[in-house]
Amino acid sequence: MSTPTAPTQLPRDGRALAGRAALVTGGSRGIGAAIVRRLARDGADVAFTYVSPAGAEHAAKVVADVEASGRRALALRSDAADAAAVTAAVDRAAAEFGRLDILVNNAGVFPSGPVEDVTLAELDHTLAVHVRAAFLASQAALRHLPDQEGRIVAIGSNLADRVPFAGVTLYAASKAALGGLTRGLARDLGPRGITANVVHPGSTDTDMNPANAPDADGQRELTALGRFLAPDDVAATVAHLVGPDGRHITGAAITVDAGTNA
């Protein structure tokens, strides 16, 4: 017999994540930046990482947006391919905010090209950024995430399940690994009431994959809805998973791709 659970209640100020603290890796641009802004809008203090000096300007804009919503922001320059930097960013975020409730593993790269041309260095770097970093960040976060309210979300790709065109073998393989990581975390962390899920976006209008790029029409034709996602579409799903209404969703892979994988 299941144990009755208390009804979902919003914090006193009415925002679903009020009083919470989050870390989003790769949060200065695109989907990551949209997630940072959405979590802040929902009441969380948000730290995020970025990797290049050129990203500092984007990071500053995201910080300003978070602070304009009345929340605290922390931009951390950290390379997801550097194992020590990954764990240091988690601990720094928790130390600055005095807690850490939410981890979103979003940092990513997009290797593409014929599989026979993939180098060992490219293979190692992609797996380090997409798989090793997500594992290590999740492991480090367990020192801080609270029982019953801790949340881990990975950002994967719809290419983890279906690959409708050539040239993305390495990318698809690395994103598919997040499914196994998520299911394992859900089982390991279930006794603590901590949830783990992966969100698989499809073609999303970002500076890495703009909706007006030369190959954009081909991507649109693969969708059921005939359009690209906006980064906010992905952020909305993440916000649901880490909020009070997502407390019973764990070990799930949720595809947000305008029907590409239908």
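**Stop 1: an arginine on the outside**

Select R143: with a relative accessible area of 55%, this residue is exposed, because the cut-off for exposed is over 50%. Bear in mind that the model is predicted. D91 is partly exposed, at 29% relative accessibility.

**Stop 2: a buried aspartate**

Go to D101, in the loop between α3 (83–97) and β4. Is D101 buried or exposed? D101 counts as buried, at 0% relative accessibility. The side chains of R99 and D101 form a salt bridge, 2.6 Å from N to O. R99 is partly exposed, with a relative accessible area of 36%.

Next, select A21. Its backbone nitrogen lies 2.8 Å from a polar atom of the D101 side chain. Leaving out residues up to four places away in sequence, D101 touches several others, among them G19, R20, L145, P146 and R151.

**Stop 3**

How many salt bridges does the count come to? The count is 12. Pick R71 and D45 for another one, with the closest N and O atoms 3.1 Å apart. R71 sits in the loop between α2 (56–68) and β3 (73–77) and D45 in strand β2 (residues 45–50), so the pair ties together parts 26 residues apart in sequence. R71 counts as partly exposed, at 21%. D45 counts as buried, at 7%. Then select R37, K61 and D65, which are linked in a network of salt bridges.

**Stop 4: helix α5**

Select residues 169–189, which make up helix α5. At 1.5 Å a residue, its 21 residues should span 30 Å; the end C-alpha atoms are 31 Å apart, which agrees. Buried residues in α5 include L170, L178, L181 and L185. Show α4 (120–141), β5 (151–155) and β6 (195–201): they are among what covers the buried residues of α5.

**Stop 5: an aromatic pair**

The count comes to 1 aromatic pair. Select F110 and Y171 to see this edge-to-face pair, 4.7 Å centre to centre with 75° between the planes. F110 is in the loop between β4 (102–105) and α4, while Y171 is in helix α5, 61 residues apart. F110 is partly exposed, at 43% relative accessibility. Y171 is buried, with a relative accessible area of 12%.

Conventions
Residues numbered from 1 in each chain as written. Predicted model: local features only at pLDDT ≥ 70, side-chain atom pairs only at ≥ 80, totals over all residues. Heavy atoms only, no water. Helix = DSSP H or I, 4+ residues; strand = E, 2+ residues; numbered from the N terminus. Expected span 1.5 Å × (residues − 1). Buried < 20%, exposed > 50% of the residue type's maximum accessible area, 1.4 Å probe, protein only. Contact = heavy atoms within 4.5 Å. Phe/Tyr/Trp six-rings, centres within 6.5 Å; stacked < 30°, edge-to-face > 60°. Polar contact = N/O pair within 3.5 Å; in protein donor to acceptor, adjacent residues only side chain to side chain. Salt bridge = Lys/Arg side-chain N within 4 Å of Asp/Glu carboxyl O.
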